Each structure stands twice: as structure tokens, then as C-alpha cells.
Amino acid sequence: MAKAKGVEKKAISFVRTASKLKIGAHVPSEGAGAIGSRVVSANSIGANSFALFLKNPKRWVSAPYEAKDVAEFKRICLEMKYDPLTDVLPHGSYFINLANPDPVKVENSYNCLLDDLHRCEDLGIGLYNFHPGSDLGSDHTEALKRLATNLNRAISETKFVKVVIENMAGHGNFVGGTLEDLHEVIEQIDDKTRVGICVDTCHAFAAGYDLSDIKGFTEFWAKFDEIVGFKYLSALHLNDSKAPLGANRDLHERLGWGFLGLECFRLLVNDARFEGIPLILEVPFGKDVSIFGDEIKLLEWLVGRSGDDSEFVAKVVELQKLGAPNRKEQEAKFVKKVEKRKAGKDIASMLKKSKK
Ligand SMILES: [Zn+2]
Ligand SMILES: [Zn+2]
């Protein structure tokens with residue numbers, strides 16, 4: 001997610017499109033409290049769904065909501081025609097790690113997540129998206145088990161909110177970088193009606209799943225259905241990737257600017273399997289929230305367009321040009337990393353040989 005600090009205050013007004021596609025964005029937090037203001041922001045950028053933080057994502061503990069703020073959130077949702085059960089996808093704090101092998105630290109994470117889930121239920125929100133965490137170098141299978149055990153606990157201590165696990169970019173010791181990981185966790189959840197998956201397109205691409213063209217896109221979703229199951233798909237994060245395929249870097253980019261490219265998003269918005277669930281943009285926006293409005297309009301513009309449409313082809317070229325400096329920078333870094341890895345492997349195999 002891009003930083004929310006110092007968001008520009010200017011009048012933004014994008015008209016919402018009536019559609020089965022619930023395209024929206026993660027609306028930044030503007031000051032403490034007043035959670036209802038996020039609904040107003042979402043509406044102003046023309047979003048049919050939205051994500052938000054339930055509390056300060058950099059702190060373990062935040063003050064509870066005041067009853068008047070909860071009432072206001074619900075009132076504005078009703079007024080602006082957002083159903084909190086289906087159209088709002090809060091994002092958990094980034095430091096929550098339910099896979100942490102340290103028993104004290106994992107308990108802190110659990111309490112933070114449970115507090116988030118209670119906040120969801122107070123607000124009438126039906127979905128809660130979070131990162132599956134990291135094994136921190138410990139046994140991977142055990143880490144997935146810990147994650148599932150904690151989710152079972154959290155589900156048993158709440159009433160209706162669905163825990164939505166996000167796929168990761170496969171960096172470091174993070175869990176959830178593969179479809180197999182996601183499957184492993186779901187398998188161990190007792191109440192499977194209370195668990196879902198959020199696929200982040202940037203993370204998937206960075207983890208090595210190539211969704212950039214129709215072939216890769218089709219294969220990825222077939223694999224997703226086979227390994228995880230489409231019925232668990234509860235949301236998407238729509239982000240292009242600044243880093244190349246398989247770079248394991250979590251670097252979001254504006255749609256069409258990155259290595260993933262606009263075709264992936266054209267395919268997504270023209271596929272009925274993605275109707276009815278939150279499709280959340282988390283692209284970099286600097287201080288200008290209206291960028292989200294532009295991106296939503298871009299996605300809507302892609303609806304009904306074929307891959308050989310001349311305007312689409314021109315748009316691909318235009319956006320790739322805008323993203324060229326960022327791609328160049330990240331590609332150079334990636335090449336360096338691969339070379340370093342290769343050199344490391346060469347040294348390791350030399351050492352192995354010399355030991356023989
Ligand atoms: Zn995401
Ligand atoms: Zn990310």
C-alpha cells in the first residue's frame with residue numbers, strides 16, 4: 001500500500017458506474033476516528049467497493065470506536081449504497097503474523113487480529129483481509145499449521161466475519177506465496193464458510209505466476225481452481241508490478257505501467273468469475289487520491305474491449321511508456337540479484353566439489 005500521510009484535500013468527484021463489477025480502492029485514512037469519512041472518499045472516487053484500515057496500522061492497540069462513529073459509518077454506507085457485508089474489505093495491520101514461532105509475539109498478533117475482527121462485526125463488515133505472515137526461518141509446515149490454528153480460534157471467537165487470506169510475493173520467509181500454501185491453510189480450517197482468499201495480482205506475478213497474457217492468465221486461474229478452489233475467492237487486489245516476473249518483490253505499480261501490463265486487467269474485467277467480489281486497487285497514488293478515480297475509470301473503459309481493439313493497443317503503448325523508468329530501475333536490480341544468486345551457487349558448488 002502506498003503511504004496515506006498528507007493526503008491532498010481537494011474536491012474529487014467521479015461518478016459511480018452501476019455494474020456487477022465491484023471495482024474500488026483502498027481509501028487512505030485521513031486523521032483519527034471518523035471512519036465514516038472513508039465511505040465518502042470511496043464514493044467520491046467512483047468506487048463500488050473499498051478497503052480501509054480499521055485502526056492505525058502501525059500500532060498494536062488503538063482506542064475502541066465510539067458508538068456515534070459506528071452509527072455514522074453504517075448510516076453513510078446505507079445512504080451511499082455500500083453493503084458492508086459484501087462491498088467493504090478492511091486490510092489488517094501489516095505486522096500481524098499468526099505464523100510467528102515465538103509464543104508471546106504470536107499472541108500479540110492474535111489479539112490485534114481479533115480486535116480487528118470485532119471492529120468488523122461492530123461495523124457490520126463481512127470480509128477481513130490480512131497477510132498470512134512469516135515463518136521467520138522456522139519450519140514452514142508448522143508455520144502454516146500455527147496460522148490455521150489461530151484462525152480457527154479467531155473464527156470461534158467471532159460471529160460472521162470471513163477471514164480473507166492474501167497471497168504473498170514469495171519474498172523472504174513469508175508464507176502464502178504459493179497456491180499450495182493457501183490450500184494447506186484452508187484444509188485446516190474447521191468452518192470453511194468463514195475463510196476466503198484475496199488474490200493480489202502484483203504479488204502473484206512477483207511470486208512467479210505469469211498472468212500477463214491470455215495463456216498465463218487462463219493457466220493461473222485453472223491452477224487456482226484446482227489447488228485452492230474458486231469458491232474461496234473472496235476478493236482481488238488489482239495492482240501492476242514494478243518488478244519483473246518472479247522477482248519476489250512486493251512493489252505495486254499503476255495499471256499498465258508495470259511488467260504485468262494492461263492485458264491482465266482487460267481479461268479480469270471481462271470475466272464473469274470476478275463479478276460481485278471487491279476488486280481493490282492499491283496502486284501508488286502519492287498524495288493524490290483522484291488517481292484511484294482515474295484507475296477505476298480505466299478499468300471500466302476496458303469492459304467489453306477486445307485485445308485487438310486499436311484504442312486498447314494504443315493505451316497499452318501509452319501506459320508502458322509512462323512506466324518505463326520504473327521498470328528499467330527494477331529490472332537492473334533484479335538482474336543484479338540473479339547474478340549474485342548465481343555467483344553464490346557457483347561458489348557453493350565449488351566448495352562442494354573441493355570437499356569431495
Ligand atoms: Zn494487496
Ligand atoms: Zn503488496
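**Notes on the sheet and the zinc site**

1. Glycine 24 has isoleucine 280, a residue of β9, standing opposite. The pairing behind this is between β1 (residues 22–26) and β9 (residues 278–281), parallel in sense and made of four bridges. Please keep in mind throughout that this is a predicted model.

2. The sheet as a whole is open and has seven strands, ordered β2-β1-β9-β6-β5-β4-β3, with parallel pairing. Its edges are β2 (49–51) and β3 (127–130), each of which pairs on one side only. From one strand to the next, the twist averages 30°.

3. Helix α7 (residues 214–227) lies across two of these strands, β5 (195–200) and β6 (233–238). Relative to β5, the helix runs at about 165°.

4. The zinc ion (ligand 1) is coordinated by Glu166 (OE), Asp200 (OD), His237 (ND1) and Glu282 (OE), at 2.1 to 2.2 Å. Along the chain, the spacing of these donors is E-x33-D-x36-H-x44-E. Glutamate 166 belongs to strand β4 (residues 162–166) and aspartate 200 to strand β5, so the pair, 34 residues apart, links distant parts of the chain. Glutamate 166 and aspartate 200 are both buried.

5. What geometry does the site of the zinc ion (ligand 1) have? The site is irregular, with angles of 89 to 176° among its four donor atoms.

Conventions: Residues are numbered from 1 along each chain as its sequence is written. Chains are lettered from A and ligands numbered from 1 in the order in which they are written. This is a predicted model: local features need pLDDT of at least 70, side-chain atom pairs count only at pLDDT 80 or more; totals for chains, interfaces and linings use all residues. Side-chain values use heavy atoms; hydrogens and water are left out. Two strands pair if DSSP finds at least two bridges between them. Helices (H or I, at least four residues) and strands (E, at least two) are DSSP runs, numbered from the N terminus. Axes are lines fitted to C-alpha atoms, for helices over the stretch in contact, and angles run from 0 to 180 degrees between N-to-C directions. Contact means heavy atoms within 4.5 Å. Donors are N, O and S atoms within 2.8 Å of the metal (3.2 Å for Na, K and Ca); water is not among the atoms, so sites may look incomplete. Four donors count as tetrahedral if all angles lie between 85 and 135 degrees; four count as square planar and six as octahedral if opposite donors are over 155 degrees apart and all others between 65 and 115; anything else is irregular. Buried means under 20% relative accessible area, exposed over 50%, partly exposed in between (1.4 Å probe, protein chains only).
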